Amino acid sequence: MFHVKRLKPCALLVSLLLLGLLLVTFNSFSANYGNKVAITYRSLRPKMTENDDLYASTDMNKHLSLLRKGFKKSLDQYESSKRFGKKFRDAVNNNASFQILSLPEKILKQKIACRKELFLLIQVHSSPEHFMSRQAIRLTWGRMDHFIGNRQENNRGKLRSWKTIFLIGHSSNPKINHLVDQEASIYKDVVIGSFEDTYRNLYMKMIFSINWPLDQKCHASYILKTDEDCFVKIGNLLNWLSSYHEALNGTRPLYAGRVQIGMEVIRDKRSRYYVSKKDHPADTFHPYVSGGGYVLSGNLLPLLAEVSQRSPVFPNEDALLGSLMHRLGVKPTDNRKFVPLIFCPFYGYLDANRFREAHMCGLSRQIILHRIREKRQLQMHFNSALLNYFPSFCSSQTNYKEMRDHCK
């Protein structure tokens with residue numbers, strides 16, 4: 001509800017007009033695209049600020065139009081990608097009837113072009129067959145030229161550049177491998193490792209993620225590792241990294257995310273997390289950061305590559321990186337805006353609608369959200385972009401930070 005007594009008549013009128021316009025806009029989207037927009041209206045409380053006269057100007061209509069056009073364009077591109085995505089599904093189901101063509105050697109061995117001074121390199125670990133998950137990321141936070149109204153600047157107005165690539169291993173299905181080769185030749189953002197892409201081999205993908213930027217001379221101040229089912233709030237991440245970078249002049253090594261301490265080694269051979277006594281004699285791991293999303297300093301890559309060659313490895317990617325960092329004397333930094341809810345007891349059993357009742361004002365303040373796939377990436381990105389342009393929708397009286405690990 002509006003706090004009528006606290007608002008001047010003109011301010012109240014502006015707020016009501018703004019909310020009405022937005023509701024009409026969303027109703028129009030829902031009519032055209034079904035349930036492709038799922039913003040939380042419940043408990044949204046616009047608060048008036050001294051800058052609310054800006055929202056009454058033509059800039060408001062301009063921003064809404066930009067958001068609507070960007071969202072529609074991304075949805076159309078996503079829908080048009082389904083034909084190629086169907087080839088992946090058919091190949092998984094052994095229904096593929098397309099002809100496998102040979103691709104030029106120069107395409108198969110192409111390099112990823114990186115800027116000379118990249119601030120952030122995002123490495124998304126992806127499974128070969130999940131093309132539509134990769135496409136959703138390309139159409140939202142993964143590429144600077146596909147932003148849906150999100151702001152690319154940090155709080156001090158400095159533009160920060162980033163690049164997103166997808167790390168993929170080989171599939172046991174040759175048709176899938178060929179489709180991935182085609183995808184790589186089209187989008188030029190896929191790096192393929194020479195290992196079979198299985199859960200037990202994720203530690204190989206982690207080591208691969210350390211070495212390929214060095215091999216291809218893709219230099220970056222910071223590296224973000226995340227997964228294909230994670231939503232990244234790029235603006236929040238860049239703001240946080242920029243503050244850290246400027247405060248310490250980039251001199252202190254960073255290894256940050258949701259820190260896990262005292263985690264026991266699984267000895268049950270039936271578990272996919274199994275690690276033998278031979279591979280890891282100790283019964284607990286060194287502190288490490290959850291693999292759903294973490295950030296590390298780019299200047300750590302050469303050190304990690306060197307220490308990984310003389311250290312024992314074991315099939316647990318997150319804990320293995322923590323072990324390598326321990327050998328380098330780098331301690332993990334905990335940031336609760338990375339993968340919230342991860343410590344909830346039912347986290348692994350939550351259904352696809354678990355964020356539906358969450359407040360967008362709380363979710364939009366996070367950095368990485370886990371278990372958001374495909375079209376839901378577009379929904380979350382659009383909703384976050386909306387709140388970027390109209391922050392007065394979020395009440396200053398609510399402590400949204402407390403919602404991060406709210407497990408109910």
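Tutor: Contact means heavy atoms within 4.5 Å. The model here is predicted: local features need pLDDT of at least 70, side-chain atom pairs count only at pLDDT 80 or more, and totals for chains, interfaces and linings use all residues. Residues are numbered from 1 along each chain as its sequence is written, and side-chain values use heavy atoms, with hydrogens and water left out.

Student: Which residues does Q377 touch?

Tutor: Residues up to four places away in sequence are not counted. Q377 then touches A136, I137, T140, W141, E228, D229, C230, F231 and I372.

Student: Where is Q377 found, and why does Q377 count as buried?

Tutor: Q377 is in helix 13, residues 375-389. Helices (H or I, at least four residues) and strands (E, at least two) are DSSP runs, numbered from the N terminus. Buried means under 20% relative accessible area, exposed over 50%, partly exposed in between (1.4 Å probe, protein chains only). Q377 has 0% relative accessibility, so Q377 counts as buried.

Student: What makes helix 6 mostly covered?

Tutor: Count its buried residues: eight of eight in helix 6, residues 131-138. A136 and I137, both touched by Q377, are among them.

Student: How do you know that strand 1 and strand 2 pair?

Tutor: Two strands pair if DSSP finds at least two bridges between them. Strand 1 and strand 2 have six, in the parallel sense. In one of these, L120 has W162 in strand 2 as its bridge partner.

Student: How do you know that strand 2 and strand 3 pair?

Tutor: They share four bridges, again parallel. I168 and I192 are bridge partners here. Strand 2 is also mostly covered, with seven of its nine residues buried.

Student: What is the order of the strands in the sheet?

Tutor: The order is 3-2-1-4-9-6-10, in an open sheet of seven strands with mixed pairing.

Student: What makes strand 3 and strand 10 edge strands?

Tutor: Strand 3 (190-196) and strand 10 (333-334) each pair on one side only.

Student: In which sense do strand 4 and strand 9 pair?

Tutor: Antiparallel, over five bridges. Strand 4 covers residues 220-227 and strand 9 covers 293-297. L224 has V295 as its partner in strand 9.

Student: Which strands does helix 7 touch?

Tutor: Helix 7 (residues 174-187) packs on the sheet, touching strand 2 and strand 3. Its direction makes about 155° with that of strand 3. Axes are lines fitted to C-alpha atoms, for helices over the stretch in contact, and angles run from 0 to 180 degrees between N-to-C directions.

Student: Why does L121 count as buried?

Tutor: L121 is in strand 1. Its relative accessibility is 0%, so L121 is buried. Leaving aside neighbours within four places in sequence, its contacts include K163, W212 and L224.

Student: Why does Y273 count as partly exposed?

Tutor: Y273 is in the loop between strand 7 (259-260) and strand 8 (288-289). Y273 has 39% relative accessibility, which places Y273 in the partly exposed class.

Student: And why is R371 called partly exposed?

Tutor: Its relative accessible area is 35%, so R371 is partly exposed too. R371 lies in the loop between strand 11 (368-370) and helix 13. Its phi is near 65°, a positive value in a residue other than glycine.

Student: Is V339 buried or exposed?

Tutor: V339 has a relative accessible area of 0%, so V339 is buried. V339 has a positive phi of about 35°, although V339 is not a glycine.
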